[in-house]
Amino acid sequence: MTHSHSRSHGHDHDHDHLASALDLDAELLGSYIDDAATVITRHLGRAPQRIVDLGAGTGTGTEALARRFGATHLIAVDSSAEMITRVGERARAGGFESRTTTVVADLDDGLPPLHSPDVIWVALSLHHVADPAALLREAASALAPGGVVAIVEMDGLPRFAPDADSALGTLEDRCHQAAAGAGWEALADWTETLGEAGFDVVHRDTIRIARTGPNETIARYAVHWFSQFRHRLADVLSDSDVALLDSLIDPDDPASLHRRADLTLTAGRRLWIARPATDHDVAVVGGGAAGLSAATTLARSLRSVVVIDGGEPRNAPAEGAHNVLGQEGISPLELLSRGRDEVRGYGGEVRSGTVVDARREDDRFTLTLASGGTVRARRLLLATGLVDELPEIPGVAELWGRDALHCPYCHGYEARGSRVVVLATSPMSAHQALLFAQLSGDVTLVAHAGDAIVAEDRANLAAAGVSVIDETVERVRTRDDAGTARLDGVELSNGTVLQADAVVVAPRFLVRGDLYERLGGTLSQTPMGGVIETGPMGATAVPGVWAAGNNTTLNAVVTVAMGEGVSAGAAINADLVMADVLLGKAVEHSRR
């Protein structure tokens, strides 16, 4: 069996016609390669040095990758000598011939020598392979350490009708349905196959592409597809539909697609990025301050460590992180970006993903990702943080992290001397008001929840000069400031509007503790909420599991979370050292 784009869609062996179709596809839809290249670079942590393009066809993908990665060597593989000749011609014309190698090979016979590529790129061709899992197992062995496989498939057939309810749109629907019935749209989902072949899926996505006319290229591409419908589906379409297709693809017909200037193009590409599964020394769940600090500590001790991060940092809305020595006011997202770079700089790995399950298997932990991939590690650090459950007062969520605050040490200095209104929704609210009274002489507390303020609180607040209003809050008013919601006063239920520069609320802290509970742990209850209870350096009651950050210490600021991460990382490394020493002793004893 051949493994070239020469068996693509129409299974048409006319190379000139096929090459034209592939080039049209690349011209109109090739922008997805830039999106894929960005993901690849993120997971490699650097630009690739060597990329293999399996099923290269005319080399449009090879060229796009060569242009995106200016110093990368490309190996283009295709079963068709004629297609490979076209790749060489394209490389010469494009000025990247010196860093391009072409190979004619049938992938059913196995991979040719690939010389340890960083990336194996398989776009719209893996479904032609007789045994994809076997090929992927070979790919896993062929990759350089840390390398990835990138697989691309279509996400449905392209659509061209600008109006879905038009005659063209309804014909398109009937053709798509007929194509599905004929097996065209048995779209592969490679997640399970990748797992069987020994890969972890680290990224899975659908990239949508839309183009609008007037565009002669869209018209030519539409003619290609409707010609495929006409010639391959004639036996299952009605005679009237076949006649209409004849009209649409005939360049001399007044109704021909060749003459349409209003055609649009919508299509999609499905992308999988996967790397060979490995057993890590440590898996860190959560890429915040605690998790990244722990990972850096472990990587500096030459441990194999992977961080899996869902990309939802608690402090993302804040403009700056404070009390971070030497980096005062740094953007929280910039701080995390630098942290990820540091982990990778010491040889650690940071993956984007969400862990949905964790279990212990013998002396290893297996984490299941939402992408369907898995991660195995000897030790586990949970740095999953918490979620702030805000009071159900309109306007608070929109202002959270900017004008709606909760921590005087995180944001209080920036609110100094301003008009501060504290919304009393919990027993912590009076304490908050007293702390903010240190920073401003204009602090008002609204006793929104009747049982939140007791008599002793009122006496203390009065002594600190804090006014108390016994009323409930209708909403926190907002105004638009160049596209950003800003505070515009606090409206009470009686219609009074309090002027304010900042509102202070006490959220409910909800620890992300589901993975700990899946592993057999139990959250410990505190007045502020449930936490993962740990020892002095982060060890939990579950053997082999550590925790650090806001899931153990609800009031931990960034630097405290960092410190807990460093301590936990050091403790895990020491634990592994002793485990390896004991293992060495056991092996030595068994030899006697």
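Reader: Are Tyr 221 and Trp 225 buried or exposed?
Author: Both Tyr 221 and Trp 225 are buried in this predicted model.

Reader: Which helix do they lie in, and how many residues apart are they?
Author: The two residues belong to helix α8, which covers residues 216–232. They are four residues apart, about one turn of the helix.

Reader: How is a pair of aromatic rings described?
Author: One gives the distance of the centres and the angle of the planes.

Reader: Then why is the pair of Tyr 221 and Trp 225 edge-to-face?
Author: Their planes stand at 90 degrees, with the ring centres 6.5 Å apart, so this pair is edge-to-face. The cut-off for that class is an angle over 60 degrees.

Reader: What about Trp 225 and Phe 229?
Author: That pair is tilted, because the planes are at 45 degrees; the ring centres lie 6.3 Å apart. Phe 229 is buried, as is Trp 225, and both lie in helix α8, four residues apart.

Reader: Which residues make up the cluster linked by ring pairs?
Author: The cluster consists of Phe 160, Tyr 221, Trp 225, Phe 226 and Phe 229. The count for the structure comes to six aromatic pairs.

Reader: A new topic: which ring face does Arg 416 lie over?
Author: Arg 416 lies over the face of Tyr 413, at 4.0 Å from the ring centre. Arg 68 is placed over the face of Phe 69, at 5.9 Å from the ring centre.

Reader: And how many helices and strands does the protein chain have?
Author: There are 17 helices and 26 strands. Of the 592 residues in the chain, 52% count as buried.

Definitions and conventions: Residues are numbered from 1 along each chain as its sequence is written. This is a predicted model: local features need pLDDT of at least 70, side-chain atom pairs count only at pLDDT 80 or more; totals for chains, interfaces and linings use all residues. Side-chain values use heavy atoms; hydrogens and water are left out. Buried means under 20% relative accessible area, exposed over 50%, partly exposed in between (1.4 Å probe, protein chains only). Rings of Phe, Tyr and Trp (its six-membered ring) pair if their centres lie within 6.5 Å; planes under 30 degrees apart count as stacked, over 60 as edge-to-face and the rest as tilted. A charge sits over a ring if NZ of Lys or CZ of Arg is within 6 Å of the ring centre and within 35 degrees of the ring normal.
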